[in-house]
Amino acid sequence: FQSYRKDMEELMDIEQLKKLTPAQQEQVIAGVKQQAAIANAQNLITDLSEKCTQKCITSPGTSLSNSERQCLQRCMDRFMESWNLVSQSLQKRLQDEASAMPNFGQGGSFS
């Protein structure tokens, strides 16, 4: 994974990207999107864990009480609902902005 990441960093120079074939450019774009999705998921899990644990577990012990379990479940459900709503709104906004820009996203070329 680290060597892949290093390769991606080296390819991120726009001049180098322009020299790639359209197929290679698409491959770089796909890799960047995949890394962004992984980072996003990791951040989501970290935020969810920190916020819900802090809110619901006031007296840590060897096990969770029923009320702590219920609180964690509700917190996770609300957090995910909110995150999904924000993500969908952002995605729609980006799509609307992209469709308003001529030639944006057509062919994925950097040339």
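Colleague: How many salt bridges does the count come to?

Modeller: Some conventions come first: this is a predicted model, in which local features need pLDDT of at least 70 and side-chain atom pairs count only at pLDDT 80 or more, while totals for chains, interfaces and linings use all residues. Residues are numbered from 1 along each chain as its sequence is written, and side-chain values use heavy atoms, with hydrogens and water left out. As a general idea, side chains of opposite charge can pair when their charged atoms come close. A salt bridge here is a side-chain nitrogen of Lys or Arg within 4 Å of a carboxyl oxygen of Asp or Glu. By this rule the count comes to 3 salt bridges.

Colleague: Why can partners a few places apart in a helix face one another?

Modeller: An α-helix has 3.6 residues a turn, so residues three or four places apart point the same way. In this model, Glu-81 and Arg-78 are separated by about one helical turn because they are 3 residues apart in helix α4. About one helical turn also separates Lys-92 from Asp-96, because they are 4 residues apart in helix α4. Glu-97 and Arg-93, likewise in helix α4, are 4 residues apart and therefore separated by about one helical turn.

Colleague: How many helices and strands are in the chain?

Modeller: Both are read as DSSP runs, numbered from the N terminus: helices are H or I with at least four residues, strands are E with at least two. The chain has 4 helices and 0 strands.

Colleague: Which cysteines does a disulfide join?

Modeller: A disulfide is a pair of cysteine sulfur atoms within 2.5 Å. A search of the whole structure finds 2 of them. One joins Cys-52 to Cys-75, S to S 2.0 Å. This pair links distant parts of the chain, with Cys-52 in helix α3 and Cys-75 in helix α4, 23 residues apart. The other joins Cys-56 to Cys-71, also with S to S 2.0 Å. Here too distant parts are linked: Cys-56 lies in helix α3 and Cys-71 in helix α4, 15 residues apart.

Colleague: What is the handedness of each link, and what is the pairing in sequence order?

Modeller: The link of Cys-52 and Cys-75 is left-handed, with -85° about the S-S bond. The link of Cys-56 and Cys-71 is left-handed as well, with -70°. Numbered in sequence order, the bonded cysteines pair 1-4, 2-3.

Colleague: Which residues make up the largest nonpolar core?

Modeller: A nonpolar core is a set of buried Ala, Val, Leu, Ile, Met, Phe, Trp, Tyr and Cys residues joined through side-chain atoms within 4.5 Å. The largest has 9 residues: Leu-44, Leu-48, Cys-52, Cys-56, Ile-57, Cys-71, Leu-72, Cys-75 and Phe-79. The elements giving two or more residues to this core are α3 and α4.

Colleague: With what is Leu-44 in contact, leaving aside its neighbours within four places in sequence?

Modeller: Contact means heavy atoms within 4.5 Å. On that basis, and with those neighbours set aside, Leu-44 touches Phe-79, Met-80 and Trp-83. Under the same exclusion, Cys-75 is in contact with Cys-52, Lys-55 and Cys-56.

Technical notes. Buried < 20%, exposed > 50% of the residue type's maximum accessible area, 1.4 Å probe, protein only.
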